[in-house]
Amino acid sequence: MESIRKRRTVEIYFVLYLAALLFLLPSPKDHKGNSDFQSKDSSIIKQPFSLIPIKTTLNCRLMLDSNSVRILSLDSVNTIFYTGDVEDVKFEFVVEDQSRRLVQPINMDLGARSKNFWVEEHKDWQAVSFYWSPPLFEKENKTYLVTVYATATPKADFGTITGNKSSETAQPVKIKTQFSLNVFYLNSQPGGTSIPFETNLAGIRIDSSRFFNPFINPYSQANLEGKFSLRPDLDDIKAIAYQNWTNEIHASNINLLQDLAYQPELTIALSTQNNGGTAVITSRQSDRIIISGKTPSFGRMKVNLKIKRKYDDQEYSVSFNVLPQPIEQPTVENYLYPEQTYYFDPKLPLLGKEVKAVIKDGNTIRAESQGQRFQFTPDVSDTGKNLTFERYIDGNLLGDKKTIRVLSFQSPEIIDFIYREKGKVEVIIHSYGSYGNDNNEIKDFYIEGNAKYQDLRGKLRDLTNPSKIRIQHFLFTPVRPNDVFQFRIIAIDRRGKKSQSKQYSEN
């Protein structure tokens with residue numbers, strides 16, 4: 001018998017709703033032959049669309065005793081349909097506490113949700129549902145007035161009827177409807193449904209993508225005593241290794257602050273040990289838990305959350321994965337020489353985050369990049385220093401710091417003696433680095449023996465990779481042609497650095 005009564009109630013509501021829609025539609029006679037249909041006095045023209053709430057009053061009957069609040073009955077949802085050939089329909093809800101004269105708007109752009117009131121739009125049904133969770137802690141009778149504002153733009157065919165040329169010139173139409181919410185506390189009496197005083201119905205959610213019936217109260221006692229669930233925002237989190245991540249776990253049909261048998265149980269499983277992955281609960285609210293941690297450096301991390309409801313010992317677990325996104329190793333020189341320009345490539349991808357790479361001398365930043373390739377030229381005063389190369393994402397150090405040693409330029413080198421003919425030998429010498437604004441080179445020789453030299457300037461060459469090198473050629477001949485042609489030389493560059501000595505003897 002109970003199921004029959006419920007079905008009849010739904011059928012009555014459905015018939016009333018259809019009747020309301022029929023009253024708004026013009027008759028075939030008016031549409032075809034009655035010229036008044038297009039007159040300015042037509043009510044249809046004046047109201048291009050309308051709002052039809054299923055109920056005008058929603059009541060909550062409560063019973064208060066020493067330890068709990070009993071909900072005798074709760075009508076917690078009202079569905080408002082809209083009709084008309086319109087588009088761009090936007091809603092605004094305003095809830096006014098009649099006893100305190102407090103007004104609370106519900107912002108549809110910010111989740112359409114507050115502590116005790118929330119809204120869900122069902123565009124496929126041309127409807128919007130208003131839900132409320134009575135403020136049980138206030139322990140007093142209350143009345144709220146809910147005003148629903150709706151704004152829409154008539155479509156092109158309606159604009160034609162009213163004389164507008166197109167929907168672009170049609171003026172938006174704004175209408176409203178109202179209904180009330182009542183909270184009644186009754187004297188204690190036998191019977192009724194007992195719900196602990198701390199119960200917060202705002203934690204309950206409706207998945208309208210699976211079902212939607214505006215005539216069924218989604219907060220019936222059967223639902224309150226039924227199963228609860230958890231749902232993560234992200235099933236797979238892909239983040240840069242070592243970086244921070246956050247995920248929200250949303251709860252339905254349970255108050256996470258007051259309905260748990262024990263603290264939430266969080267566990268992690270690492271595909272590879274010691275990969276640096278972490279996860280902790282950083283925040284818990286009535287309807288959600290926020291979990292944060294660090295992304296593992298490699299492998300995969302599975303995070304599992306388990307909770308238990310204290311009223312019926314029902315358990316629920318939910319899990320998600322944290323996957324590191326690899327980043328290439330940077331292109332960095334391990335050794336630098338003063339007054340030479342070097343290029344560094346941080347290899348930082350465009351992540352939609354703040355990324356940068358720096359070269360530091362202690363705490364002083366000597367060069368900086370927002371992730372792109374950049375250049376750096378150490379000074380002579382940097383000789384002997386240890387600089388560091390560092391990469392950051394959102395202010396967090398990525399990986400380890402790399403040490404870069406600034407070396408002093410090496411001394412010149414006598415590379416080779418090349419015999420040309422009797423009494424003539426060509427000497428090839430390398431000089432390293434810069435001197436002033438030019439490349440360093442050999443400026444003189446220490447000569448011991450029967451020799452003099454000539455700078456073969458036409459054969460001079462410069463190399464720049466990996467460092468600056470000037471290659472010079474000198475022609476050595478005997479000072480005394482009749483004596484034995486042999487000598488020992490030391491090359492001296494512009495910095496005053498000396499090469500190792502080398503000896504030549506013509507047999």
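**Sheets and charged pairs**

Mentor: Strand 14 (residues 244-252) and strand 17 run antiparallel and are joined by 7 bridges. Before we go on: this is a predicted model, where local features need pLDDT of at least 70, side-chain atom pairs count only at pLDDT 80 or more, and totals for chains, interfaces and linings use all residues. Residues are numbered from 1 along each chain as its sequence is written, and side-chain values use heavy atoms, with hydrogens and water left out.

Trainee: What counts as a strand, and when do two of them pair?

Mentor: Strands (E, at least two residues) are DSSP runs, numbered from the N terminus. Two of them pair if DSSP finds at least two bridges between them.

Trainee: OK, which residue stands opposite Ile289 in strand 17?

Mentor: That's Ile249.

Trainee: And what order do the strands of that open sheet come in?

Mentor: The order is 12-14-17-16, 4 strands with antiparallel pairing. Strand 12 (229-232) and strand 16 (280-284) are the edge strands, each pairing on one side only. Neighbouring strands here are turned by 25° against each other on average, direction ignored. For the angles, axes are lines fitted to C-alpha atoms, and angles run from 0 to 180 degrees between N-to-C directions.

Trainee: Where does Arg288 sit, and what does its side chain touch?

Mentor: Arg288 is in strand 17 (residues 288-294). Its side chain makes a polar contact of 3.4 Å with the side chain of Glu248, and another of 3.3 Å with the side chain of Asp287. A polar contact is a pair of N or O atoms within 3.5 Å; within protein, one must be able to donate a hydrogen and the other to accept it, and residues adjacent in sequence count only if both atoms are side-chain atoms.

Trainee: Switching topic: how many salt bridges does the structure hold?

Mentor: 27. The cut-off is a side-chain nitrogen of Lys or Arg within 4 Å of a carboxyl oxygen of Asp or Glu. One of them joins Asp382 and Arg366, with the closest N and O atoms 2.9 Å apart. Asp382 lies in the loop between strand 24 (374-376) and strand 25 (386-393) and Arg366 in strand 23 (residues 364-369), so the pair ties together parts that are 16 residues apart in sequence.

Trainee: Is Asp382 buried or exposed?

Mentor: Asp382 counts as buried, at 1% relative accessibility, while Arg366 is partly exposed at 26%. Buried means under 20% relative accessible area, exposed over 50%, and partly exposed in between (1.4 Å probe, protein chains only).

Trainee: Which residue does Lys459 meet in a salt bridge?

Mentor: Glu426, at 3.2 Å, N to O. Lys459 is in the loop between strand 33 (452-455) and strand 34 (461-463) and Glu426 is in strand 29 (residues 424-432), 33 residues apart. Glu426 is buried at 3%, whereas Lys459 is partly exposed at 38%.

Trainee: How many residues of strand 29 are buried?

Mentor: 8 of its 9 residues, so strand 29 is mostly covered. Strand 29 pairs antiparallel with strand 28 (residues 413-421) over 7 bridges, with Ile429 as the bridge partner of Ile414. The hairpin of strand 28 and strand 29 has 2 residues between the strands, and Gly423 there takes a positive phi near 85°. Strand 29 also pairs antiparallel with strand 35 (residues 469-477), over 8 bridges, where Tyr432 has Ile469 as its bridge partner.

Trainee: Which residues other than glycine have a positive phi?

Mentor: Asp88 is one of them, at about 55°, and it is found in strand 5 (residues 86-97). Lys347 is another, with phi near 55°. Lys347 is in the loop between strand 21 (342-344) and strand 22 (355-361) and is partly exposed, with a relative accessible area of 25%.
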